[in-house]
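Here's a short tour for anyone opening this structure for the first time. Have a look at the model, then read on.

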Amino acid sequence: MHLAYPAVLAVLLFCVGLYGVLARRNAILVLMSVELMLNAVNLNLVAFDVWLRDSLHAGQALTLFTITIAAAEIGLGLAIVLLVFRHRGSSDIDRLTGLAEPHGPDAPDATPAAAADDEKAEATA
């Protein structure tokens with residue numbers, strides 16, 4: 001088997017996934033694009049494992065770990081997206097910036113406990 005065929009297919013899959021991550025604003029489509037990128041990596045791992053004729057099949061073992069991690073990542077990501085969709089009514093990534101906590105010298109503290117913690121840190125220092 002020539003190594004070029006699966007490598008070219010993996011590059012095409014990775015490029016489509018990268019385009020999806022950079023161009024899409026829907027969180028579910030971004031998660032699907034990340035899955036495409038991970039599948040391109042898996043295809044490369046298996047192709048190089050077959051090409052090198054590894055007796056331990058390390059490429060296939062790494063592929064199983066990658067699939068497991070991808071499944072966990074997609075499960076958590078989808079749960080977060082569904083929770084945000086329930087509260088906001090949209091899964092648009094540009095509108096999710098309101099969830100970030102303000103940082104900086106002019107950012108107000110949200111709780112008085114944070115000010116008390118700052119005072120304790122200054123007193124001990």
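This is a predicted model: local features need pLDDT of at least 70, side-chain atom pairs count only at pLDDT 80 or more; totals for chains, interfaces and linings use all residues.

Residues are numbered from 1 along each chain as its sequence is written, and side-chain values use heavy atoms, with hydrogens and water left out.

Back to helix 1. Its buried residues are Pro6, Ala10, Gly17 and Gly20. They sit on the same side of helix 1 because they cover an arc of only 85° around the axis (going by directions from the helix axis to the C-beta atoms). These buried residues pack against helix 2, with contact meaning heavy atoms within 4.5 Å.

Here are the helices with their residue ranges (DSSP runs of H or I, at least four residues, numbered from the N terminus):

| Helix | Residues |
|---|---|
| helix 1 | residues 4–23 |
| helix 2 | residues 27–52 |
| helix 3 | residues 58–88 |

Now for the surface. Ile28, Leu29, Met32, Leu78 and Leu82 make up a nonpolar patch with about 400 Å² of accessible area together. Patch members have over 30% relative accessible area and no salt bridge, and nonpolar side chains are joined within 5 Å. Helix 2 and helix 3 each give two or more residues to the patch, and helix 2 gives the most, with three. Leucine 82 is found in helix 3 and is partly exposed, at a relative accessible area of 43%.

Methods
Patches are made of residues with over 30% relative accessible area and no salt bridge: like charges are joined within 9 Å, nonpolar side chains (Val, Leu, Ile, Met, Phe, Trp, Tyr) within 5 Å. Accessible areas come from the Shrake-Rupley method with a 1.4 Å probe; for residues, only the protein chains shown count as cover. A salt bridge is a side-chain nitrogen of Lys or Arg within 4 Å of a carboxyl oxygen of Asp or Glu. Buried means under 20% relative accessible area, exposed over 50%, partly exposed in between (1.4 Å probe, protein chains only). The expected span of a helix is 1.5 Å times one less than its number of residues.
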